Amino acid sequence: MSENLPADTPTAARALVPAAFGTSTARRGGVVRRLLRNPLGALSAAVLLLIVVAVVLAPLLAPQDPGASSLRDAFAGPSGAHPMGMDSAGRDILSRILHGGRNTLGGALIALGIALALGVPSGLYAGYYGGRFDSAATWAVNLVMSLPAMVVLLASRAILGPNVWVLMIVLGVLAAPSFFRLVRGIVAGVRKELYVDAAKVSGLSDTRIVARHILIVVRGPVIIQVALVAGIAIGLQAGLEFLGVGSGSAPTWGAMLNEAFQNIQRAPLPMLWPGLALGLTNGALVLLAGALRDGLEDRTGHAAKPHRARDRAAAVPSAAADSPAGQRAGLLSVRGLTVAYAQPDGSDKEVVHGVDIDVRAGEIVGLVGESGSGKTQTAFSVLGILPEGGRVSGGSITIKGQEVVGLPERAHRALRGGTVAYVPQEPMSNLDPSFTIGSQLMEPMRHALGISRKEAARRAVDLLRLVEIPDPERVVGLYPHEISGGMAQRVLIAGAMSGDPELLIADEPTTALDVRVQAEILELLRRLQKDRGLGVLLVTHNLGVVADLCDRVAVMNSGRIVETGTTEQVLHAPQDPYTRTLLDAVLDEAPARAPWEPREARSTTA
Amino acid sequence: MLNFIARRIAAGALLLVVISFLSYLLLSIPDVDVGRQLLGQSADQAAVDAKNASLGLDRPVLEQYTDWLMHAVRGDLGTSWFTSEDVGDAVAGRLPVTASLMLGVTLVTTAVSFLLGVWAAVRRGAVDRFVQILGVVGYALPGFLVTLVIVLVFAVNLNWFPAIGYTAFTESPAGWLSTVTLPVLSLSVASVAGVSQQVRGAVIDVLRQDYVRTLRARGLPASRIVLRHVLRNASAPALSVLGMQFVGLLGGAVLVEQIFGLPGIGSMTVTYTARGDIPVIMALVMLTVAGVVLINLLVDIMIGWLNPKARVA
């Protein structure tokens, strides 16, 4: 019955949903357009709007008074006058659904309003100023979040009486932490951003910064959260009514479900309508939240479809096979390699366009180019470890004469454990943080060589000694976060050596290290290469490293090899203009890479 | 580690005391004449005053609370005002019902969510779409609506399980299983929906890590990398979500126990809060909070065991 509603609820109901869109229309036309173009988003927005309008206009739309009953018609099926049929007391279900929605949605709205009013400002304040308020609020929020809402609501009934409207205020308090945490997290993150610093320096007041720069960032996520919390509030409201906590005669969806459930054996149909109303409303809210999120993040929502044929590309004989490089090398020979990534729209994007490269036994070949030139993609193709969505789309790669393009995963894997080894760029992120150094060295060895645990442990210590790690017996028991970056890189080199490889693919093996350690690691690689007669494909952008280490160089630009030759030829008499720009860049900078200095250190000396 | 556990237990105990204090204070706000309620309108005032005095309600609230706390820490939760039952006994009698639900849901959720989540992340395709849709549905539909549908299908239409009632495990294990299956199923839908999405996300994140590529580069088969390395690293975020789900689960149990007529803590909450029986409500609130604290502690211990970096903290 509408008399039970606080006077302002219908207006508030009208205000809320348009508010979510209103602000969007005003400032984020793009988001709304994207939302409406997303069929699910448009549909759920339409359904929600329809439900809200129908519920708000209930007194006009309902065929009869929701309380009017004619016991003669109890459990009557749907008919022209009563399209949803009659309930156990002979009341028109459609009228009760329409009026019940005012109580259910209105209650949720109160909870939502309270949650927003409490959560957003406190989150803004705590995130922006931090300090004691932040600690206290965070503690209180954690406390509230450890309380099950339904139990608290029932306990509150003992205090506040069986009035669902009042309980919705409690629910608002219980839901406030979800807004607080969201807003606080975003604001604390943004606060450290440079543009906020810039605004501060330029003399803007905190209020203006919050209003101009921070509210904009917070708005989108908060709108999404509103949809989600609204769904939860509606569910809890209906749950309370279902338990009979409600205010008696007024129709609500939860109370209707309860009544229908009592009579489920006589007539199951009356359960359908309030269930449908709840399900549709909440489903629409969640889908709308999802669509809004997609719209704000501007993504299509579906990840690229994986290519089943990823590893199966046929070895396409390419024209490059008999081109300049001539005879194919015995250890590694790449001809006409193309690498493509699947795009969300189903097409392929080629990032490597026909690369030829050779590495002979005992030779170090540098693959040089700036980031994004496709050199790492080339290296990954040889190893068969391209990231998801990427595949070798053409060309030929032979390792010791064996074609690996189109090779079944199992056979390629056997090559990776033994003949070919890989040293990655960033040492720390390439060790599994959850396992000890020893265990990470032993596992692939035991798998590839089928040796016992004890034998693998012995070899692990030997390997660490080989890469000049002091006290290897102790280091095998350490976790990655307990060792330095330089030591981690030695561990990774040890791992690469464990299968006694003939070909080493090193992807920027020193880039992430500081200068002194760089020199040591390069020295180590040189020694291992000499002692074991390794062929090395060294991927780098550092021409200093190339000059130091490599016998031959291939220069890569935008997915193509632009120049190959001996290191001397390429560095002293570059033929290609791109190579010349690379070299000039180094000369300008000289030394090749300035030792890194913390900013503070520099400013104190200045 | 022991130090960490001790600190967490101390923090949990403090939380319990704070919440008990706040609850007691709030519960005492309504100016209800409990003696009058118990003895009825016709009882004479002297008898009502005597009843209130015997319940200790004539004393200031702080004194009442201190008294309650002193007894509670010794394990004496008092007697119900309305039924004169010992609260500890009443709760203990109903705990096994709710505990078996929680245990069942936790096992089902863990097993199914990890299976679905890992599968969805590694294979993508149909299972992935299923997990995503389940996530939306599980989030969108109020738990009790799902429960009603389950009752309608499996108990009313198919008649596979009883729609209502509870058989203790000690009485008949088969009967127990048939009475808890639908409640556990009902509660599991939402938690599987939530947790499997988290597992999926966590596994996808870990699969993108550099060390997974390096492990592949060293010739380890994908299955072994997923089962040993990815699963272990993805478990920590998934477990945190499982712990958070538990709070919601306790609320869900209230409705599910009510719908299936299970004599557990949840249905007890509904009955006793309606009467404002403070000793019982206090015990129920304490039990719920203690349950949440305990689960979060267990989750943190497991995360510490899985993740060596977290052990230091």
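Student: How many residue pairs are in polar contact between chain B and chain A, and what makes a pair count?

Tutor: In this predicted model, 17 residue pairs between chain B and chain A are in polar contact, with both residues at pLDDT 80 or more.

Student: Which helices of chain B supply the side that touches chain A?

Tutor: Several supply at least two residues each, among them α1 (2-27), α6 (125-140) and α12 (278-306) of chain B. The largest share, 13 residues, comes from α10(B).

Student: How are the residues on that side of chain B divided into nonpolar, polar and charged?

Tutor: The side of chain B that touches chain A has 36 nonpolar, 10 polar and 11 charged residues.

Student: Why is the pair R228(B) and E443(A) called a salt bridge?

Tutor: Let's set the value against the cut-off. The closest N and O atoms of R228(B) and E443(A) are 3.1 Å apart. The limit is 4 Å between a side-chain nitrogen of Lys or Arg and a carboxyl oxygen of Asp or Glu, so the pair qualifies. The count between chain B and chain A is three salt bridges.

Student: What makes a residue of chain B count as in contact with chain A?

Tutor: The test is heavy atoms within 4.5 Å. By that test, 57 residues of chain B are in contact with 66 residues of chain A.

Student: How much area do chain B and chain A bury between them?

Tutor: About 5700 Å², with 69% of it on carbon and sulfur atoms. R213(B), R216(B) and R218(B) supply 12% of the area that chain B buries against chain A, more than any other three residues. Why quote an area at all? The size of an interface is often given as the accessible area lost when the parts come together.

Student: How many helices and how many strands are there in chain B?

Tutor: Chain B has 13 helices and zero strands. Its C-alpha atoms fill a box of roughly 85 × 55 × 35 Å along the principal axes.

Student: And chain A: which residues does UniProt annotate as "transmembrane region"?

Tutor: The unreviewed UniProt entry gives that annotation to several spans of chain A, including 105-127 and 139-159. In the model, residues 105-127 of chain A are 100% helix and 0% strand, with end C-alpha atoms 31 Å apart. Residues 139-159 of chain A are 86% helix and 0% strand, and their end C-alpha atoms lie 25 Å apart.

How values were computed. Residues numbered from 1 in each chain as written. Chains lettered and ligands numbered in written order. Predicted model: local features only at pLDDT ≥ 70, side-chain atom pairs only at ≥ 80, totals over all residues. Heavy atoms only, no water. UniProt positions renumbered as here; feature names shortened; annotations may be inferred. Helix = DSSP H or I, 4+ residues; strand = E, 2+ residues; numbered from the N terminus. Buried area = accessible area lost by both parts, 1.4 Å probe. Polar contact = N/O pair within 3.5 Å; in protein donor to acceptor, adjacent residues only side chain to side chain. Nonpolar A, V, L, I, M, F, W, Y, C, P; charged D, E, K, R; others polar.
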